[in-house]
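Have the viewer open and follow along.

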Amino acid sequence: MKKIALFWPGDARAKPNEVAVPSITAATIQMERALQKLGHSPYRVEGFLSKPHESIEKLGPIDDPMIGVCVHWFYGPHTTDGVVGKENPLLLASNFSGRWPGLVGLLNTGACLESLDRPFSRIWTDAEDWTADKAFMDRLDTWCRTGRLTWPEDAIREPGPVAPAAEAIARKVAAEIHKRRVLLLMLGDTSMGMINGYFGPRLLNKHGFTEHKIDQAWIIDRGRGISEKRIDDALRFVKDRGLTFHWGENGAADFDERATREQLRDYLVVLDMVNEYKADCLGWQYQLGLIPLRPPSDLAEGLFNSACRPESNGTTIACATEADQGNAIPMELMKRLLREKGLHEAVMFHDVRWGAEHEGRFLWVLLNSGSCGAYAFNHDKDTLRGAHSYRQPAMYFPTPGGTLAGESLPGAMTWARTYIKEGALWMDIGKGEVVKLPPAVRDAWWEGTTREWPFMAADMGIGRDTLMAHYLSNHVAVAYGDVFDEMVALSRELGFKVRILADRAG
C-alpha cells in the first residue's frame, strides 16, 4: 500500500476558498475512495494553500506522491513553489466542471509547472462517482504504479508547408516587425500567480517583441487629471453606439453610472499611456492590488479590443487581461494578419472554461470576464450593439464595475497561444468554428458558468481529452476568419517553435 498526499491549491483570497469548501471536500472524498479502491492510503495536507510560503512549508517536506485537487480558481505558485526541485510524482486532478472550474486551475498550474521544467501528470473526470469512471480509474492506477501518465499525441503535429500567398503575407508582416519591433505596454506583472504567462525581455526580444512596464499605481495618480468632460464624452459615446448597462440589476445596487464613469476614467488614463509610449499592444494586470481602490478593468479591456471605442483612431489595441504575454503575442500577430488580409482586426481573449458534446461534436465554452471586443457580438466594427455591461461578481470585486459581455456570433475562427516549454517560446495554433447554440442549451451553459461574462461556444478542432492532456494554458486568443496558414508561417518566421493541435486532419 502506497501513501499519497492530497492537497488543496487555493485562491489568495479567503472568500473564494470558503465558498469552494463543499465542492472541494466532495471531490477529495471521491479521490480518496478511488485511491482506497486501488489499495492505497491517501492522507490530506491540512487547509488550502493560499500563499506561496504555505506551499513551500507544507508541500516541500513531502516525498510521497502528491495529488492536487483542482476544483476552483487558484494560483499556480500555491503549487509550484512547494514542488520545484523535487521529483516525487505529482498529479493534478480536476472535476471538469463549469460552475467549479477546476480545469481552469489545472491548465494554468500545469503550464506553470511546464515553464519551470517540473514533471507532473494530469487527470480529470466529470463522473458523479469517480470510481465508476473506468477510464479515469485505469489512468489513476497507472499513475499510482508508475508515477506518470502519458496521453496519445495523435492530435499534435508539426506544421507542413503553407500556400505561397499565405507565406507572402506572413513575410510582409514579419518584415514590419523586424523594422520596428512590437512594444507591449505592461501594467504591472501577470496576476493570480500566472508565471507561465510572463516571458520577459530575454525571451520576447528573440521574437520581435519587447515590453515596457508601468506600475498600476499610475492609474490612480493620472486618473486625477482626467477631465469630467472627457468622461462625459466617453460615456455618451458608448451609449450612443449601443452598449447596454445593467445598472442596479439583480441586487447590484452599487453598480451605477458613477461606477461606469470610473471605469471610463481608467480607460482614458491607459489610452493616454499607450499613446505616450507609442505602444502597440497592452497587458493589464487586472486583479489584486487595485481591487479595493479601483473598479475592475473589464469594460476598459473590452473597449480596447474594439475598434469602436471612445477617442478611437479606428483600430483595436490588443489588450491581454491579467497581463498575459502568452495571449498578447498571438493577439497582436493575428491582428496584423487579419488587417493584411482585409479582414476586421479584432482578436478576442478568452478563458477555456468548460466544454461538452452538442450534436455530435465537442464544443468549448470560451468565457473571459471582459477582454473580448464587441465585434464578437455584432460583426460590426462601427458599433457596440449586442454588448452588455453587468456588475462583476462582488465576491471577487468589492469595488463595483461592469463587464463587456454578449453572445458571440457564429463564424470561422483561428486560435493561438504562446507558452514556455523547455526554456523556449512555443506557439500552438488551431482553427475551428464559433457555433450558435439553441437558446435553451446556450442559457444552460452560460448560467452554468458565469452569466456576466462574454460567451463563446467554439469547436476548436480539439475535444476534451486533447486539450486537457496537452494544452499549456487556461487562456486562448481567438480571431474570426481563417488566418491559420498565415499564423503558422509568421510564427515560424519570427522564430517560435510551432505545434498544430487538431483532432481531425485538414
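**Helices across a sheet**

Start with helix H1 (residues 14-37), which lies across S1, S2, strand S3 (66-70) and strand S4 (90-94) and runs at about 165° to S2. Here helices (H or I, at least four residues) and strands (E, at least two) are DSSP runs, numbered from the N terminus. Axes are lines fitted to C-alpha atoms, for helices over the stretch in contact, and angles run from 0 to 180 degrees between N-to-C directions; contact means heavy atoms within 4.5 Å. Helix H2 (residues 52-59) lies across S1, S2 and S3, at about 155° to S2.

A word on the ground rules: this is a predicted model, where local features need pLDDT of at least 70 and side-chain atom pairs count only at pLDDT 80 or more, while totals for chains, interfaces and linings use all residues. Residues are numbered from 1 along each chain as its sequence is written, and side-chain values use heavy atoms, leaving out hydrogens and water.

Now the sheet itself: it's open, with five strands in the order S2-S1-S3-S4-S5 and parallel pairing. Strand S2 (41-49) and strand S5 (121-124) are the edges, each pairing on one side only; two strands pair if DSSP finds at least two bridges between them. From one strand to the next, the twist averages 25°. Strand S1 (residues 3-9) pairs with S2 in the parallel sense over six bridges, and Trp8 stands opposite Phe48 in S2.

Finally, jump to Ala457 in strand S17 (residues 456-459). Not counting residues up to four places away in sequence, Ala457 touches Trp364, Glu433, Val434, Val435 and Leu437. Ala457 is buried (under 20% relative accessible area, with exposed over 50% and partly exposed in between; 1.4 Å probe, protein chains only), at a relative accessible area of 1%.
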